Amino acid sequence: MWKFIVRRLFITLPQVILLSVLIFLMAQMMPGDALSGLIDPNIDPAAIEQQRENLGLNNPWYVQYTDWITGALQGDLGQSFRYKMPVTELVEQRLINTFWLSVATLLITYIIAIPLGITSGRYNDSWADQMITGYTYIGFATPLFIFALVMLWVFGYQLGWFPTGGSVAPGLEPGSFDYVLSKLQHLLLPAISMALITTVNTVQYLRSEIIDTKQKDFIITARAKGASESRVYNRHILRNSLLPIAAFFGFEITGLIGGTVFVENIFGYPGMGDLFIQSILLRDYSVVTAVVLLFGIASILGALISDIILSLVDPRIRIK
Amino acid sequence: MESKEIKLDDTQHVATKSPSGFSIIWREIVRDKIALVSLILLVLITSFVYGISLFLNQDEIVTVDLFAIHEPPGEDFLLGTDYGGRDIFGQLIIGTRNSLSIGILVTLMTGVIGVLYGLVSGYFGGTIDNIMMRIVDFFLILPFLMIVIVFVAIVPKYSVLSFSLIMTAFLWMGIARLIRSKALQEKELDYAQASKTLGSSNLKIMLTQVLPNLSSLIIVTMTLNLAANIGLESGLSFLGFGFPESTPSLGTLLSYARNPQTLEYRWWIWVPAAVLILVLMLSVNNVGQALKRATDARQRRG
């Protein structure tokens, strides 16, 4: 067990290093540097050159990389070209917003997936199963951004049930009950939209997992012993089918990252995905680099968590 | 490889001559009414769009006309106009053509790279396979959408070609992984071993013997990928990091809906494009699923 985790960590470390090198090289290709926007056109070019030298911008790339990565490890992600403030400060509030959006999405995903998957797997080929399978078919083919647009149009504009932008109503005092309520209200529509699309994979997986388990010998044995139908399902089948689903939790993170970029953009929700798109449009590349790095590390960690849970659940998967 | 054996058994019991791959596929699609309708829809849309766009001039359509801003659908403009007074119907036709073309192009490019990569990795196995698969693993965990957007934003002289190259660079891993796992099984089979004993070169076994046996899998995967790629392209264009505005795609039309006014009051700009993307993706997916069943004897309906 521990051997597996240590081995898995040995794969993760080079992945993180490679990712940081890739992102650093990408950052090098981006136009502009920490001095852009600060420069007064009347300043002597030699002085600018001197300043660049002092900041280490003329060093070979591996020296610059080492400087950058040591800074990043100490929590210094550089300065925003545009806002002239540390990127970490800019990112902090956004990161919290995206965190809550992701938590809400994951919760709703499982709230939808588990009953639907169980119904469809337990009563397979019934009309309920056909309805659910139809939903997964359509959900699988629908691009998230179109669905989110339609949800915003219907529930945000036509029916007016939900706010159409922002993460909290203005003028509320942080920490008060109304504030939390307003946050929830702003969170709900984006989270539901994202969950209704992303849940489809989990429903399909749970369904086929249950149908597979149903035919296993130990279920026949359990029935032969006289276990009641509900006991067979709740104690024997569910336990075996839900564990792999739990393990996919980590992989969901990678999917969420792509999703938040669209959803936050459409609902005007001030999170990391929204910050990412805005920074690209403003050519604020130090922020872009930081966001990509953070999200890249998040998805590497997600895969790591999933692999570890999977290996706990299913010893056959452990890499030799 | 169970499925292959069952397929042989089945056909021997039922008929003396085993049906050809195409007749199996055709039978499966005809049996599945939804897939049949999807296929007909796809053929209709594709021929309509490519046919009509021959008579449309892209430059003319994307020329701004300030006297016709936000016209609702009417006699002059079948589906109204956008904020630049450009005809939505024309943009819809050209956009569908562009979206389909780039989808097919990216699918083909990722297909070629992925199949060759997976074939080499699976066929040789061992250390080569190990190294090649670690590279795939690394690409797979990258935050795809963000990296593509960054590249789109920083590539100098950005064009449709560079866009498809960027997409291809980060999309070939899925098919490579799939082909690799099949090639790994395939090379152990008697025919490949026999050919090796007879002294065939590795290249010959890979390309003329193993590859044809994987063709059905490749077709299925590429069909499903096509749907995904159309969705991805329109998503990127929606965010403003796909096609430039002078080359409209379905996503470009949808991106106008990011303006709340357009979203709320000017349905004619974005609803047709949204419906078209949905229909395209559902149809391609349905056909893909029918193909998938046709390649797996246990799941066939026909």
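Predicted model: local features only at pLDDT ≥ 70, side-chain atom pairs only at ≥ 80, totals over all residues.
**Entry 1: chain A overall**

I started with the secondary structure. Next I looked up the box around its C-alpha atoms, which is roughly 90 × 55 × 35 Å along the principal axes. I also checked burial: 34% of the 320 residues of chain A count as buried. Then I turned to contacts with a separation of 6 or more, and in chain A 71% of them come from residues 24 or more positions apart.

**Entry 2: where A touches B**

I noted that 33 residues of chain A and 29 residues of chain B take part in the contact. On the chain A side, α1, α5, α6, α10, α11 and α12 each supply at least two residues. Which helix gives the most? It's α12(A), with 7 residues. Sorting that side by class, I got 25 nonpolar, 8 polar and no charged residues.

**Entry 3: helix α3 of chain B**

Helix α3(B) runs over residues 33–53, and at 1.5 Å a residue its 21 residues should span 30 Å. Its end C-alpha atoms are 30 Å apart, so the two agree.

Then I asked which residues of α3(B) are buried. I found B:Ala35, B:Ser38 and B:Val49. They cover an arc of only 70° around the axis, so they sit on the same side of α3(B). On the other side I found exposed residues, including B:Lys33, B:Val37, B:Ile40 and B:Phe48.

Technical notes
Residues numbered from 1 in each chain as written. Chains lettered and ligands numbered in written order. Buried ≥ 20, exposed ≤ 12 C-beta atoms within 10 Å, placed from the backbone. Contact = placed C-beta atoms within 7 Å. Helix = DSSP H or I, 4+ residues; strand = E, 2+ residues; numbered from the N terminus. Nonpolar A, V, L, I, M, F, W, Y, C, P; charged D, E, K, R; others polar. Expected span 1.5 Å × (residues − 1). Arc of directions from axis to C-beta.
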